[in-house]
Amino acid sequence: MARLVLNRYELIGSNLPAAGKVDIITITDKQYENIVSYKAAEKTPKKQQEQLLLF
């Protein structure tokens, strides 16, 4: 599994345009589940409910 992830990172890095920038962060399901989002118009925090897009 670790080698597969490394290959994906290498693929992304090798296909960047000259002025491109990519940041990759790895989080667990539990960490994603605990995300709290705020919006200026809302007074109370809401738990993150949207599906994270992964490729």
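Which residues make a nonpolar surface patch of about 320 Å²? Select Tyr-9, Leu-16, Val-22 and Ile-24, and you have that patch in view. Patches here are built from residues with over 30% relative accessible area and no salt bridge, joining like charges within 9 Å and nonpolar side chains (Val, Leu, Ile, Met, Phe, Trp, Tyr) within 5 Å.

Before going on, a word about what you are looking at. This is a predicted model with residues numbered from 1 along each chain as its sequence is written. Local features need pLDDT of at least 70, side-chain atom pairs count only at pLDDT 80 or more, totals for chains, interfaces and linings use all residues, and side-chain values use heavy atoms, with hydrogens and water left out.

**The whole chain**

Now show the protein chain as a cartoon. You will find 2 helices and 2 strands, running α-α-β-β from the N terminus on. Helices (H or I, at least four residues) and strands (E, at least two) are DSSP runs, numbered from the N terminus.

Switch to a surface: the accessible area is about 5,600 Å², with 60% of it belonging to carbon and sulfur atoms. Such areas come from the Shrake-Rupley method with a 1.4 Å probe; for residues, only the protein chains shown count as cover. Of the 55 residues, 2% are buried. Buried means under 20% relative accessible area, exposed over 50%, and partly exposed in between (1.4 Å probe, protein chains only).

Next, colour by pLDDT, the predictor's confidence in each residue, from 0 to 100. The chain's mean is 76, and 64% of its residues reach 70 or more. Among the elements, α2 has the highest mean pLDDT (90), while strand β2 (residues 46–47) has the lowest (64). Where pLDDT is low, the predicted coordinates should not be read in detail.

**Back to Leu-16**

Zoom in on Leu-16, in the loop between α1 (2–14) and α2 (29–33). Leu-16 counts as partly exposed because its relative accessibility is 36%.

How many salt bridges does a search of the whole structure find? The search finds 2, each salt bridge being a side-chain nitrogen of Lys or Arg within 4 Å of a carboxyl oxygen of Asp or Glu.

Select Asp-23 and Lys-21 for one of them: their closest N and O atoms are 2.5 Å apart. Asp-23 is exposed at 64% relative accessibility, and Lys-21 is exposed with a relative accessible area of 64%.

Finish with Glu-33 and Lys-30, whose salt bridge has its closest N and O atoms 3.2 Å apart. Both residues lie in helix α2, 3 residues apart, about one turn of the helix. Glu-33 is partly exposed, at 45% relative accessible area.
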